[in-house]
Structure formats: structure tokens, C-alpha cells
Amino acid sequence: MVTGLEVRGVTVRYGDTVAVDDVSLHVEPGTVVALLGASGSGKSTLLRAVAGLQPLTSGAIAWDGEDLAPVKVHKRNFGLVFQDGQLFPTMDVARNIAYGLGKLPKDQQRARVAEMLELVGLAGYGDRKPTELSGGQAQRVALARSLAPSPRAILLDEPLSALDTGLRRRLADDLARILRETGTTAVHVTHDHQEAYTVADRVAVLHEGRLLQVDAPEALRERPHNRQVAAFLGYRAFVVEAEAHRLGWTGRLATGEVLGIGPASLQLDPAGVELPILDQTLTLDDVELKVALPDGQTATVASPSKLDATSVRVTLMGGAVVPA
Ligand SMILES: Nc1ncnc2c1ncn2[C@@H]1O[C@H](COP(=O)(O)OP(=O)(O)OP(=O)(O)O)[C@@H](O)[C@H]1O
């Protein structure tokens, strides 16, 4: 028997639109899988199908081998967290978290709420109203509420995307820690690569409803299955071995392979190859230099500050090995 969550050949259509196209995916108990894809790739639809909120056109969804088709949303025992935590506005934080604990005696409910508040770093916030919370705090409470009844898995649909970038990164770290500490099985929808890499044990890349690859973050980054996945992961230029060596790379490629050059592949190096700078853009962490490769393709290089120069010396330190 396959344990945990199994998505078997699931297709979901809205009229003529195929939102999810024959997707099969296994989420092992205690692991976190991120569904990563651009807007409209079918992530939310697939998550809603797992939750039971969206009927399948074909295929099946099972938990521990049991087909969930006849099991209603609230009987599936999944916790749900959405972009806007959807806390009950009239209830205080403690009552929000206790919402799914109706079967427990009151003192056990109180203990569980306190435990959950501690877990999400909000000890002492039980008496606050949702309107008295910041966006990040509200999402922590939504997470605590979904985890409180010990669901068999939690399903998170862009839970951090309404938050500003700095907070999103910190909360992604916290979310990863909380899911691991509690051994929670989770499916996490995001369009943010960084968030997927931080939170998930395995990342499932969706494109136009199809599942292109499922792998651990390192494997995905180092060995995208094809150029489409590589391009989506930020590898914009692809070079053959001789060209890669010309840029200072010392690795080897097999016949039929090319090296994808991503944002961290080229590094500043005074002894490296000189490349013309086409553009310089300030980012959150550094300055992104757009450079022209000898074969005319463009790539980016991270620099700690803007450069008063028309060219820069770089060395190709790594990249993704991809079928040509
Ligand atoms: N209720 C609906 N009726 C018709 N088409 C829909 C509906 N919901 C989604 N779609 C279509 O299904 C496809 C997948 O949408 P979905 O919301 O699952 O993608 P997504 O990857 O979650 O996108 P986003 O990141 O923008 O939320 C899109 O082409 C979308 O336009």
C-alpha cells in the first residue's frame, strides 16, 4: 500500500480549460512537497482537488490507499491555510485556534492552544482580536489553527504571498521549522522559488497544468530534466562544454548535455573572462549585472554594488546540467 497522499492521474477541467493535466504525485508521511509554478499553472486547482473543494474530471486522490472521492471536505482531516488566513474576525486568537478542538475537554483545549501559540512564536497573544494582529501574525495564527487538531496533513495555498518580501523570507524559515518539528505532512503552493526551496523536502514544478519534475531542491537546481524546467528555475543561457570552459568552468558534460547558466553561476573574478555589461539593476540583496556572453546570449552576475565600468571580469563556477 502507498502511505500518505497519492495523486493518481488527476485531471481537472473548467469547461474547455484543462487546469490540471494528468498529474501523479506522492507525498510521503512527514514530508513537505511544494507545488511551484507560474500564475495559472494549476497549483491552486490541484490543491483544492486534494482538499475536496474541486471535483476531479478524472483520476483519483487517496490517503494511505483509501480513495477520498466519497469523503467530504471536512471529513478528509486536512488542515487548510490560505493566502489570507481567513481568521474568524469576532473571535479572539485563542478561540480561533480552538475552533477545531470541539471534542476535547476545555482544559485540554486551553493547553493545546497555549502549545500552538508557543509553536508559532505568539505566546501571550490568545486574547487579541484578529484585527489587532499584523499580517504575519495573522498567518501564524492561521497556521496554529490548522495544526491544532493534529490533521493528517496540511494544505497551504500561497500562505505567505500577501506579506512583504523580508517578512515572507523569515516566515518561510519559521514555517519550515514548524512543519519539521511537528513532523507534519504538507502540500505548499507557491510561485516563489526561494520559498519552495526553504519549505519543501521535494518541489513539484507545474507548467500549464502538467507536472514537469518532482525532486529535492538541490537535485532540481543541479539537474533540471529539461530546458523548460531549467528556464523556469532561472537558467536563461545554455552553453556547450567548450563555451563553458572558455568562461572558466572546469567540469565535464556528457554528449548531448549543455550547461545552464543561472543567477549564481557566474562570479566576479579579477582573473576571469572580460564580458560587456549591458545593464545594472538593484535587487533586495545586491546589484544584478546583465552581461553578454561571447556567443551573444545574456546572463546575470551578482555584484555587491553598482560598477562604474562597461565590462566586468567573471568566472563560470557552476550551473545546471541539462539535456541539450
Ligand atoms: N473557477 C474557474 N473557472 C474557469 N477557469 C478557471 C477557474 N479557476 C482557475 N481557472 C483556470 O485554470 C487554470 C489554472 O488556475 P489555477 O488558479 O489553478 O492556477 P495557479 O497556478 O494556482 O495560479 P495563481 O498562482 O495565479 O493562483 C488557469 O488557466 C485559470 O484561468
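Predicted model: local features only at pLDDT ≥ 70, side-chain atom pairs only at ≥ 80, totals over all residues.
Modeller: The shell around the ligand divides into two nonpolar residues, nine polar and one charged.

Colleague: What makes a residue of the shell charged?

Modeller: Asp, Glu, Lys and Arg count as charged. The shell includes Lys43, so Lys43 is the charged one.

Colleague: What makes Gly37 part of the shell around the ligand?

Modeller: The cut-off is 6 Å from the C-beta atom, placed from the backbone. Gly37 is among the residues surrounding the ligand, so its C-beta position lies within 6 Å of the ligand.

Colleague: Which element gives the largest share of that shell?

Modeller: Helix α1 does, with three residues.

Colleague: How do you know that β1 and β4 pair?

Modeller: Pairing needs at least two bridges. Five bridges join β1 (residues 5-14) to β4 (residues 58-63), so the two strands pair. They run antiparallel. In β4, Ile61 is the bridge partner of Val7.

Colleague: Why are β2 and β5 called edge strands?

Modeller: The open sheet has the order β2-β1-β4-β5. Each of β2 and β5 pairs on one side only.

Colleague: What makes β9 mostly covered?

Modeller: A residue is buried if 20 or more other C-beta atoms lie within 10 Å of its own. Five of the six residues of β9 (residues 202-207) are buried, so the strand is mostly covered.

Colleague: In which sense does β3 pair with β9?

Modeller: Strand β3 (residues 32-37) and β9 pair in the parallel sense, over five bridges. Leu36 stands opposite Val205. By contrast, β9 and β10 (residues 210-215) run antiparallel.

Terms used:
Residues numbered from 1 in each chain as written. Helix = DSSP H or I, 4+ residues; strand = E, 2+ residues; numbered from the N terminus. Buried ≥ 20, exposed ≤ 12 C-beta atoms within 10 Å, placed from the backbone.
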